[in-house]
Amino acid sequence: MISQVLDPDKSLSQAVKRMSTWLSAAGVKPPSSDTGAYSKARKRLPEKLVQQLVPKVAEEERKASSHRTTMVWTTGAGTRWDNSVDE
């Protein structure tokens, strides 16, 4: 949900595609790309739960990002962003 809100393309299908790509890269078989089940499941989530989780996720991301450095590599072939470098 959070990545969907933060992405310029706020569609559920893009969020599901992003998660499926991430899971595949992690070696996990992604679930169905049918957005209907995700939409129904989200409607069943209690609003209070979402309100409690958002600050926790934001804090964990803040902690994680404080340990990352973004490096920009510029070559004749273009620019490469590398967010995987730890301080």
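Helices here are DSSP runs of H or I with at least four residues, and strands are runs of E with at least two, both numbered from the N terminus. With that in hand, let's walk through this predicted model.

How much of the chain is buried? Of the 87 residues in the protein chain, buried ones make up 9%. The accessible surface of the chain comes to about 7200 Å², and carbon and sulfur atoms account for 60% of that area. As for contacts between residues at least 6 apart in sequence, 16% of them join residues at least 24 apart.

Now turn to one part of the surface. A nonpolar patch of about 750 Å² is formed by Met1, Ile2, Val5, Leu6, Leu45, Leu49, Leu53, Val54 and Val57. Which helices supply at least two residues each to this patch? They are helix 1, spanning 2–6, and helix 4, spanning 47–65. Helix 4 gives the largest share, with four residues.

Let's take one member of the patch for a closer look. Valine 5 sits in helix 1, and its relative accessible area is 54%. Is this residue buried or exposed? Valine 5 counts as exposed because its 54% lies over the 50% cut-off. Patch members need over 30% relative accessible area, and Val5 is listed among the residues that make the nonpolar patch. If you have the structure open, helix 1 and helix 4 are the two elements to select when viewing this patch, as each supplies at least two of its residues.

Notes. Residues numbered from 1 in each chain as written. Predicted model: local features only at pLDDT ≥ 70, side-chain atom pairs only at ≥ 80, totals over all residues. Heavy atoms only, no water. Patch = residues over 30% accessible without salt bridge, like charges linked within 9 Å, V, L, I, M, F, W, Y side chains within 5 Å. Areas by Shrake-Rupley, 256 points an atom, 1.4 Å probe, with all protein chains shown as cover. Salt bridge = Lys/Arg side-chain N within 4 Å of Asp/Glu carboxyl O. Buried < 20%, exposed > 50% of the residue type's maximum accessible area, 1.4 Å probe, protein only. Contact = heavy atoms within 4.5 Å.
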